[in-house]
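Colleague: I'm new to reading protein models. Could you walk me through a few features?

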Amino acid sequence: MLTPKRGLLLFIMAAVASLFLWGCQTTGGDSAKPEDSAPTEETAVETAAPEPKMEVPKEEELASETSAAQPAPSESSLSFGLNSLKRQVSHFGAQVTEPTGNDDLWKVSVGARELVLKEKSRMAWIDGTKVFLDAPFSRRMGQWLLGASDEAIVLPSALADEGGEPREIKTIVIDPGHGGSEPGTRNATLGLLEKDLNLDVSLRLQAHLEEAGFKAVLTRYEDRLVTLEERSEIANGVKADLFVSVHFNAAPNKQANGVETYLLTPQGQPSTGDGKAGDDAVAYPGNEYDLESFELGLRVQINLLERLKREDRGVKKGRFVVLRGLKCPGILVECGFLSHKDEALLISTAGYRERVALSLADAIKSFAANERFQGRIEEQDSNGR
């Protein structure tokens with residue numbers, strides 16, 4: 001027989017059990033979903049070759065991850081997360097515009113300056129000029145984030161305040177690629193050898209820089225062989241403030257064309273053509289100048305695109321021997337494809353090579369003056385990203 005006292009006791013016990021079960025069901029929540037875990041470097045597989053003389057596939061293949069799509073975080077998690085893109089750019093006073101609809105582009109802006117990031121990709125744009133990140137812009141622990149090296153190098157270049165004190169740039173070493181028994185790439189139809197073109201552009205660049213008041217030293221002044229290690233040794237020997245290695249490109253794909261600029265890959269990061277870091281991903285002397293090299297490379301790429309009106313192949317990373325041992329900022333620039341019929345015809349003209357030299361000189365002068373680079377947002381957007 002159920003007495004009032006016994007019924008009250010059973011009611012209290014049932015209530016306690018119900019509260020216990022409810023607490024167990026809510027423990028963990030959405031934060032424990034496996035799809036929110038950070039993607040590893042292995043998921044960022046790329047198919048482009050690391051060396052500029054090899055064929056490079058479509059940029060979409062180069063920049064995209066192979067991991068499955070992940071759901072976008074909520075606005076509240078972005079606004080109040082302890083570690084998010086908004087937090088990463090907050091000290092620049094930047095605003096973040098999230099993708100809408102089927103779009104996958106995030107826009108980070110300060111005034112007229114703009115950084116565009118593509119979800120799960122290493123491809124990005126600074127003021128309309130293509131750059132490649134060290135790690136994909138991905139969702140990590142529920143937040144969309146840039147990798148640590150990109151936060152340290154790309155964000156200041158894209159978003160820092162305009163201008164500043166001029167840099168003390170006095171001596172610039174220009175490195176005409178190849179030479180002697182190493183001709184580089186060639187175009188047999190037009191009778192073009194890369195080593196000759198590199199030297200021609202370098203001598204023109206030297207004249208423009210000396211006219212602007214710089215001391216310009218070449219690693220070779222004639223058609224002779226200089227080893228890769230000797231090139232950086234020459235730069236260090238004259239206490240160079242900048243190093244620019246001049247090249248022209250080629251690829252088995254005869255449709256490949258355009259200009260691209262390389263800097264030394266940061267320590268521990270994969271080069272642009274690699275899916276993950278290799279055994280050579282150690283610290284080299286040149287890595288001390290990663291930020292300055294990126295800024296110089298970006299200015300060079302912008303100026304080449306503006307003056308030459310060629311395809312934008314981006315600012316990329318590679319562990320080139322000529323860049324590893326440098327004790328100053330340095331870049332390697334590919335000024336066009338000898339394997340592309342029309343572009344090779346342009347390169348064969350003195351006028352085109354003069355424009356290349358002027359572009360490089362303007363970029364170096366802008367870097368030395370520490371001027372804010374001018375972007376290409378309107379032109380790039382009109383053509384579509």
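Modeller: Buried means under 20% relative accessible area, exposed over 50%, and partly exposed in between (1.4 Å probe, protein chains only). Here the largest core has 36 residues, and L209, F248, V300, L304, V356 and L360 touch the most other members. At least two residues each come from β8 (171-176), α6 (194-211), β11 (215-218), β12 (242-249), α8 (290-308), β15 (330-337) and α11 (350-369). The biggest share is from α11, with 9 residues. Those labels are DSSP runs numbered from the N terminus: helices are H or I with at least four residues, strands are E with at least two.

This is a predicted model, where local features need pLDDT of at least 70, side-chain atom pairs count only at pLDDT 80 or more, and totals for chains, interfaces and linings use all residues. Residues are numbered from 1 along each chain as its sequence is written, and side-chain values use heavy atoms, with hydrogens and water left out.

Colleague: Which residues is L209 in contact with, beyond its neighbours within four places in sequence?

Modeller: Contact means heavy atoms within 4.5 Å. By that rule L209 meets I172, I174, F214, A216, A361 and I364.

Colleague: How do I describe two packed helices?

Modeller: Give the angle between their axes and the distance between the axes. Axes are lines fitted to C-alpha atoms, for helices over the stretch in contact, and angles run from 0 to 180 degrees between N-to-C directions. For α6 and α11, the axes come within 8 Å and cross at roughly 50°.

Colleague: What do we call the arrangement of α6 and α11?

Modeller: Angles under 35 degrees count as roughly parallel, over 145 as roughly antiparallel, 65 to 115 as roughly perpendicular, and the rest as oblique. The helices α6 and α11 are therefore oblique to each other. Residues in this contact include L205 and H208 of α6, and A357 and L358 of α11.

Colleague: Is D127 buried or exposed?

Modeller: D127 is buried, at 4% relative accessibility. This residue sits in the loop between β4 (123-126) and β5 (129-132), and has a positive phi of about 50° although it is not a glycine.

Colleague: And K309, buried or exposed?

Modeller: K309 is exposed, at 53% relative accessibility. K309 also has a positive phi, of about 60°, without being a glycine, and is found in the loop between α8 and β14 (312-318).

Key
A nonpolar core is a set of buried Ala, Val, Leu, Ile, Met, Phe, Trp, Tyr and Cys residues joined through side-chain atoms within 4.5 Å.
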